[in-house]
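I set down here what I looked up in this structure, entry by entry.

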Amino acid sequence: MKNALLKTFFAAAALFALTLTGAHADVRILASPGGEVGPFLQLFERVRASGERVVIDGPCLSACTLVLDMVPNDRICVTRRAILGFHGARSVDRQGRTYAEPEASALVLAAYPAPVRDWILRRGGLNSRLLLLRGRELAAIYPRCR
């Protein structure tokens, strides 16, 4: 179990590239399919504490979108390649069966910034379907990176 958690954490961390730009470091999300929530919460807590800006520069799906809750909005920007993917929370039992977690989905939805939460609700809320926020709709919520 500990090895699996470490593998998940390092897999999540490997999807982020630190790019030094002068005196500041940006955390650049290039491609993250998501995964277990715990490692993402730990990673984004460290990013929040560091004061670094987050550049979403590719797909940020599932648990990766928790960055929107963990890092202040004024430290997040998006590129033209950015895609945010949302779905309802779910768990997997020991037999590999997936179960919806409506209570966890409600907590996650409430944690997102209001414009993101409203966008999700206008599309039916968090459920098994993957909702993709990108392009002009995403740029209306988060600034383009400069």
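**Disulfides**

I traced the bonded cysteines along the chain, and the disulfides of the protein follow the pattern 1-2, 3-4. I take a disulfide to be a pair of cysteine sulfur atoms within 2.5 Å; by this rule there are two disulfides. The model is predicted, so I note that local features need pLDDT of at least 70 and side-chain atom pairs count only at pLDDT 80 or more, whereas totals for chains, interfaces and linings use all residues. Residues are numbered from 1 along each chain as its sequence is written, and side-chain values use heavy atoms, with hydrogens and water left out.

I looked up the pair Cys 60 and Cys 64, whose sulfur atoms lie 2.1 Å apart. The torsion about their S-S bond is about -105°, so I record this disulfide as left-handed.

I then turned to Cys 77 and Cys 145, which form a disulfide with sulfur atoms 2.1 Å apart. The torsion about the S-S bond is about 105° here, so the disulfide of Cys 77 and Cys 145 is right-handed. This pair links distant parts of the chain, 68 residues apart: Cys 77 is in strand β5 (residues 76-78), and Cys 145 is in the segment after α6 (135-139). Helices (H or I, at least four residues) and strands (E, at least two) are DSSP runs, numbered from the N terminus. Cys 77 is buried because its relative accessible area is 3%; Cys 145, with 23%, is partly exposed.

**Ser 62**

Where does Ser 62 lie? I found Ser 62 in the loop between β4 (59-61) and α3 (67-70). Its phi is near 55°, a positive value in a residue other than glycine. Most residues other than glycine have a negative phi. Ser 62 counts as buried because its relative accessibility is 19%.

**Met 70**

Met 70 belongs to helix α3, and its relative accessibility of 11% makes it buried. Which residues does Met 70 contact, leaving aside its neighbours within four places in sequence? With contact meaning heavy atoms within 4.5 Å, I list Leu 41, Phe 44, Glu 45 and Arg 48. The C-alpha atoms of Met 70 and Arg 48 are separated by 6.6 Å, although the two residues are 22 apart along the chain.

**Largest pocket**

I read a volume of about 520 Å³ for the largest pocket. Of its 19 lining residues, Gly 35, Glu 36, Val 37, Ala 89 and Arg 90 are the closest to the centre. The elements that give two or more residues to this lining are β7 (90-92) and α4 (102-111).

A pocket is an open set of points on a 1 Å grid over the protein atoms alone, where a 1.4 Å probe fits, with protein on both sides within 12 Å along at least five of seven lines; lining residues have an atom within 4 Å of a point. The volume is the space filled by probe spheres set on the points, which are joined across faces, edges and corners.

**Whole protein**

I counted six helices and nine strands. Of the 146 residues, 38% count as buried.

Definitions and conventions: Buried means under 20% relative accessible area, exposed over 50%, partly exposed in between (1.4 Å probe, protein chains only).
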